[in-house]
Amino acid sequence: MRLLAILALILSPMLPLAAQDSMPAAPYANRQLDDPAMEREAQDLMFTLRCLKCQSQSIADSDAPMAGDMRHQVRIRLMAGETPEQIRSWLVERYGDYVSYAPRVSASTWPLFALPLALFLLGAIILRRRLGRKGAAGL
Amino acid sequence: MIAELGLAALWLAAALAGLQLIAGVQSVRQPDGPLASLARPAAVIQGVLAAFAFLMLLWLFAQTDLSVKLVAANSHSAKPMIFKLSGAWGNHEGSMLLWVTVMALAGGLIGYLERRLPEVTMQATLATQAFVGLGFYAFLLLSSNPFERLATPVAEGMGLNPLLQDIGLAFHPPTLYFGYVGLSVAFSFALGALLTRQVTPNFARAMRPWVLGAWIFLTLGITAGSYWAYYELGWGGWWFWDPVENASLMPWLAATALLHSVSVLAARDALRAWTIMLGVVAFSMSMMGTFLVRSGVLTSVHAFAVDPERGTFILVLLGIYIGGALTIFALRAGTVQEGERFTATSREGALVFNNVMLSAILAVVLVGTLYPLLTEAFGIRVSVGPPYFNPVAAIFTLPMLAVMAVGPLLRWRRDGAKRISKPAVFLTICVLLVAVLVTYLSNASLLAILGLAFAAALAVGSLLPLRGRNLLRTPLATWGMVTAHFGIAVALFGMASESAFSIEKLVAARPGDMTEVGPWKITLDGIEPVAGPNWTALQADLRASYKGGSAITLQPQSRTFWSPERETAESALAARWNGQLYAVMGSGIEDGRRQLRLWWKPFVPMIWFGGILVALGGFLSLIGRLTADLKRHYVRRRSAERREDAQV
Amino acid sequence: MIRRWYLWLPLLAFVGFVVLVTSGLMRPMEREVVSRMVGKPIPGFALKPAISELPGLSSADLEDGRPKLMNIWASWCLPCIAEAPQLEALKAGGAEIVGVAIRDKPEDVARFLAQNGNPYSRIGADDLSAVQLEIGSSGVPETFVVDGDGIITYQHIGDVRAEHVPMLLEKLEDAAQ
């Protein structure tokens, strides 16, 4: 099904070739930073930023020119001394939480983080009921 | 004529499903009623009729009968035969017919063969199966008729797209459908047992082959889908927690939990209500996967045949089946007798722990996938991706892996911690050793380090059940378990290794340029145009040599299709035993250089080898269980015959 | 038999799921990413001219006391052609329109303006989408209303249709107060 899915996307007229610009990619869209540690930071960050023009792809995976421009921003800002989290905040300030695949704890996302805790407690209760007492069985 | 025959067979099959439902329900209420003996034959004939309808559709595609709308839209007289046939199920209507056919055949098979359960439970099971089937017949006949004729036949079909002629595409969707159908049978058994208060080890044994079979197909489906995305999407990733990917993972998680709880029920008569619940959940996850993929309610890279109307139909079916089943569960589960008892340090204890962990992972994936939909209802858009799923899933996966490594060593019912204390200490040392080593030698992330360490321990731990055993006399089912668990370790090793050791290189190269990617030296020999049936491409000739060894050639392409006009990047892969070199050609740069994206991904194929091992383990178990069942059946019949002989 | 209330929880969760996706199916597909910069001052920038005939654009130009429409567009974008007559109508209605040309070459911009008319008083060339990213715009065309102090007061996503013209003029008037 997934296979069909991908093919259907390739075949769909959603990304008409005509609407691509003819400009070369931004200097640091596809050029790695000289410092391997910094480039690794850049990669890790780019995989968690959403390409705004695509259907659910990170800017690291996307061929869209705008994703290239965003990669350029990530790399030059790292070079200028910003931290990855500062760059993420800079984008979130402009596009909202949608642009980041790493949800932050906020008024609208706390349930996401409460969930594992709740599951942990629930799991502990179930396991205690089932396994805690010798030879107990319920459910 | 052929199309009308197929349609007639389909209507008849639907009518028989109706009969099967009525007969089943009646004989549950009144075991010697007039219709009581009809459910089983109805199931068998329904299976035959559905299969006949599907054969007619295959025939139409083989003949390229262009007066049929579906054929005209999806086939072409110049296609190779194999793709003509696969075209029959490579579309919405045909795939639904395939689904219904497999489901009807499965129903016919249990109607014909399954005699272990009390007859009333079988009748309830067949009635449920018919009820589920009727919904799909209604979907097919009322809104997606595959046999619809065109008023005027067209001169030629529209489906000559070489992109759609892919052997993977031909067999990936049916693989998932087989998995979904297996879970629907498990669902019917679960409801049949619940309705007739027969949640017994025999019920578990009858249901187990279907769960195992479904699980094997789901495992293969996910493995293949992941590999396909890896080489086709061209960015070197194999899993992104995309909604459609999650939709295929969730039924697998539920089926994995069900598989283990059904084993507990079969062997030890415990976890009764829990197994029923998982049977309902597993089927609902497969229906929900279909719904999420086809309704377009979530944004995905893989969004397919998005049609809100069909989505609504599937949602209505989902609501009826699952809402109904959960209501029955809430009303009836309280009456299910408490199962056998066991202690924490026992095989059941370990399996319960893993079931709880798997359910927690399922809940995390489910909520994480649907969460953006929830906030959108309040006008807020958020994204939930790998930075959320990876660590949160790991919280529950790591303890599960730990228990998985030693759990199979425990005895059923009650065991002392002593039996596993030695292996546990040994495996803990294993984990620590690998963790320290990897931390020292690489700059891998914490999750990757933990993944490698646990993979090593699990690989060793999974083999321990074979220690001190006569390998020739070890039951196939045990071999299956060992193989599947070892496969998980192998896959995990591949995943962690890919994350920890991958090296990426982006270069802008002109012919003659040389670059290094990890241990590889890669030279761009030239760029040449090549042409295909409906595309032209630029192809890079890359000469790659591993640590100065003999060179191999990689030829990634940048293809331009002209009808409709679009560009795709065709990646090129070179596999060694210890990893894969992955090359993609990007766009051109004005000064004549070409953008190349190269990766060296150590041990990445282990992800998919691991997946295949897991499926193989399931297959061994299935064979083991089935032959054991057959033997038992044979022995029982022999002894019955002997008793008869003695009486004579 | 004790009533086991927790056995109803799975059904409850399922009903929640159905309600959620039903509301999702009924809602019109929302594919727009709204800028969070509305209500905030425009970040500092200075773009070189996109064509030699018109001056470039800097953030200082947007703080001269007069509200403006800031049109994010490109010569390679098809909806921008459809939008061109509406921009002319806006200009005729008294709006001052400045342009930001995304990833565009001077000759392409000049050709586009020759064919579709030129409603702009200034056009800055944003070759790296830097300004676009700064103001939270995620595609072309988009039109921002900026007041005289350089505060973004409104974002219109997609091409401007005839029915949007009076609304945008009104937004401009609001921004003037």
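Helices (H or I, at least four residues) and strands (E, at least two) are DSSP runs, numbered from the N terminus. Everything here comes from a predicted model, where local features need pLDDT of at least 70, side-chain atom pairs count only at pLDDT 80 or more, and totals for chains, interfaces and linings use all residues. Residues are numbered from 1 along each chain as its sequence is written, while chains are lettered from A and ligands numbered from 1 in the order in which they are written.

**View 1. Lys547(B) sits in the loop between strand 4 (535–546) and strand 5 (551–554) of chain B.** Its phi is positive, near 45°, and Lys547(B) isn't a glycine. Lys547(B) counts as exposed because it has 8 C-beta neighbours inside 10 Å (buried means 20 or more other C-beta atoms within 10 Å of a residue's own, exposed 12 or fewer, partly exposed in between, with C-beta atoms placed from the backbone).

**View 2. Thr64(B) lies in the loop between helix 2 (39–63) and helix 3 (69–74) of chain B.** Here's another non-glycine with positive phi, near 50°. With 19 C-beta neighbours inside 10 Å, Thr64(B) counts as partly exposed.

**View 3. Helix 9 of chain B is largely enclosed by the rest of the structure, since 24 of its 26 residues are buried.**
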